[in-house]
Amino acid sequence: MLPRTPLSAMMMDKDVRLRLVLPGESPADDAALVDAARRGSQEASRQIYERYAPHIERTLSRLLGATAELPDALQDVFAVAFRRLGEVHHAEGLRPWLVQIAVLTARGRLRARRRAWWLMFLGFDESAAPPAETSAEHEEAVEALRATYSVLDRMPVDDRIVFSMRYLEGMELQEVAKGCGVSLATVKRRLGRAETRFLAAAQRMPALTPWVKGAAL
Amino acid sequence: MNDPERNLLALGSAVGAALDVQREAIRATDIARDAMFPPEAASARDSSAAGTSLLGTTRRRALPRVLLAAACLVLGVLGVFLAVDRWSGALTFEASGVVGRTGVWLEPQSHLEIPVQFSDGTTLLLMTGSRARVGEIDRRGAQVELERGRASVSVVHKSSARWMVKAGPFEVVVTGTRFDLSWDPPSGRFLLVMHDGSVELRAPGVAPRRVVAGQVVGLSAWTTTASSVAAPSLVFPIASATVNSADSELPAPSLSGSVVSSSNDIAPRSIASDWALESRDSDFRGLARGGKYSEALVAADKVGFDGLVASGTAPDLLLLGDIARYNGRSDRALQAYRAVRSRYGGSEEAARAVYFMGLMSFPASSCVQHFEAYLRERPGGALAGEAMGRIMDAYQRGGNPAAAKAAAVRYLASFPAGPQAALARSIAER
């Protein structure tokens with residue numbers, strides 16, 4: 001892990017008098033950061049990144065899986081966000097807005113994956129993540145992880161996103177709807193389809209069967 | 001919360017935890033931060049610098065993908081070229097529809113011929129009693145060895161094509177043409193009948209010769225005793241050749257005097273006078289096309305009517321049949337037409353041949369089977385109306401009114417305004 005710039009290192013922007021704050025502080029702090037970033041403060045942008053990148057990375061990982069393209073996807077999300085900061089009218093909306101961009105980014109990448117399936121035959125499967133060190137107690141979960149994404153990989157992208165946000169990220173349906181930019185009814189419809197498909201596929205996968213039958217609880 | 005939902009949330013929680021472990025290994029946040037906020041950019045706080053950095057990083061990261069895509073494209077194109085090159089590498093061939101192998105002798109059984117089809121479209125028809133094999137083969141062509149007998153060859157023209165047909169001591173080098181070749185080891189007779197294009201004819205001891213369409217070259221070689229030539233050799237010495245050249249384009253080969261006799265066992269064979277070199281103008285085809293059927297028959301006889309029939313292509317055979325028919329030589333006409341039927345069955349020429357055989361039938365009533373054969377083979381052919389009309393006429397003349405009426409009805413159904421329509425109506429209304 002690369003050393004992170006300590007957030008406590010308060011820096012005063014040359015043009016914008018800005019008090020830097022720790023993540024989780026009040027929306028008013030987000031508003032100040034957004035305002036400073038809009039005015040071109042790179043330090044403000046950096047602080048926004050530091051505040052929300054872990055959450056967005058986590059969301060992206062749920063949507064895309066443990067893939068080596070996570071850094072690129074994360075960078076894409078924030079590149080888009082910083083370019084379009086002017087669209088944020090309420091500071092409290094920054095986080096869901098970033099999630100929305102993350103969903104769109106993941107959606108684009110998932111679709112690109114399907115278009116570029118043939119690259120795998122040429123050995124260009126850049127989505128493969130580096131092997132992670134796992135302990136014995138995690139092996140069962142890792143198997144479930146692999147099986148889950150093998151099912152998700154065969155699912156329609158929009159259904160997959162809704163399923164991932166609801167069950168892997170644990171979002172409420174309203175939150176999912178907001179993140180996807182669709183109605184609650186649409187989320188319910190997609191989720192219903194995804195559940196049916198996932199449960200049917202899971203019945204045939206030993207790594208998932210105990211989970212969907214509740215035996216692993 | 002129902003059970004499936006609870007189960008899925010539990011699964012999601014476990015999967016999420018496993019994901020987080022793997023996510024740590026990827027270090028996405030750190031990598032993306034380093035890309036978006038490089039140390040040297042940290043001090044550049046002006047808005048333009050920050051904007052350029054944030055947007056530019058995406059473009060910089062996108063560049064390798066573009067390069068990767070370009071590389072994939074190049075590799076793909078190369079792959080296609082390599083695949084095409086591989087596929088279009090050495091030619092392949094089929095003999096009688098079976099994948100052929102080089103070096104394997106092809107020997108048609110009695111009354112059968114072996115069509116050899118190469119992958120570039122070149123064809124070779126090996127006649128009954130012949131023996132040949134495909135030797136070396138590559139992407140440009142093949143080397144065919146005609147041990148004995150006759151072959152009709154049609155080589156697809158390509159600038160890079162390189163074909164060779166060996167027949168005893170003779171070699172025919174081809175780039176694209178159509179010709180018939182005959183080689184008889186016991187007699188040492190070699191016959192080359194050119195139909196299209198040109199070839200280079202090589203023989204030991206003489207300079208290569210160019211032979212063009214319309215020319216017929218007959219040569220003879222010295223041989224040992226007939227029993228010793230089961231495997232023809234390229235070292236047969238040329239004894240002499242009879243050359244009648246009426247065309248300055250094709251000078252007489254200076255074969256005489258090139259006798260190479262290495263053994264007292266070798267005896268010269270006389271050259272048949274009908275093995276001659278004919279120019280395009282004196283070719284039976286040209287004469288026939290000019291309406292000079294009598295001269296055409298003489299020309300064909302000069303070359304050897306039987307030999308021409310034995311090695312002729314479908315159009316030539318049809319033409320020979322017509323020449324003989326117009327000269328009242330029904331025996332020869334039938335010989336030529338039957339050759340078309342037996343060797344080129346299914347072709348337009350074969351269908352026409354059976355029609356002409358119907359015209360020559362005697363008694364007239366026996367013509368019906370030939371015309372019916374034509375109609376079966378070419379129901380919409382150019383001669384279909386004529387065939388139907390002649391069938392109707394044959395039945396009428398043969399005293400079979402019922403059959404004649406049926407034939408008339410059939411004719412009217414197909415050709416209500418045909419030249420025989422009036423006759424057909426009169427027969428049909430009886």
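Analyst: Ground rules before we start. This is a predicted model: local features need pLDDT of at least 70, side-chain atom pairs count only at pLDDT 80 or more, and totals for chains, interfaces and linings use all residues. Residues are numbered from 1 along each chain as its sequence is written, chains are lettered from A and ligands numbered from 1 in the order in which they are written, and side-chain values use heavy atoms, with hydrogens and water left out.

User: What does chain A average in pLDDT?

Analyst: The average is 77, and 75% of the residues score at least 70. pLDDT is the predictor's confidence in each residue, from 0 to 100.

User: Where does pLDDT stay under 50 in chain A?

Analyst: Residues 1–25 are one such stretch, with 43 contacts beyond four places in sequence. Contact means heavy atoms within 4.5 Å. Residues 120–133 of chain A are also below 50.

User: Next, helix 7 of chain A. Which residues are buried?

Analyst: Val176(A), Ala177(A), Gly179(A) and Cys180(A), in a helix spanning residues 173–180. Buried means under 20% relative accessible area, exposed over 50%, partly exposed in between (1.4 Å probe, protein chains only). Helices are DSSP runs (H or I, at least four residues), numbered from the N terminus.

User: What do those buried residues pack against?

Analyst: Helix 4 (94–115), helix 6 (157–168) and helix 8 (184–202) of chain A. The face turned away from the buried side carries exposed Gln174(A) and Lys178(A).

User: How many residues are in the largest nonpolar core?

Analyst: It has 74 residues, and Phe78(A) is among those with the most contacts inside it. A nonpolar core is a set of buried Ala, Val, Leu, Ile, Met, Phe, Trp, Tyr and Cys residues joined through side-chain atoms within 4.5 Å.

User: What is Phe78(A) in contact with?

Analyst: Leaving aside neighbours within four places in sequence, its partners include Ile48(A), Leu98(A) and Met36(B).

User: And how many aromatic pairs over all chains?

Analyst: There are 14. Rings of Phe, Tyr and Trp (its six-membered ring) pair if their centres lie within 6.5 Å; planes under 30 degrees apart count as stacked, over 60 as edge-to-face and the rest as tilted. Tyr293(B) and Tyr326(B) are edge-to-face, at 4.6 Å centre to centre and 70° between the planes.

User: Is Tyr326(B) buried or partly exposed?

Analyst: Partly exposed, at 48% relative accessibility.

Notes:
Helix = DSSP H or I, 4+ residues; strand = E, 2+ residues; numbered from the N terminus.
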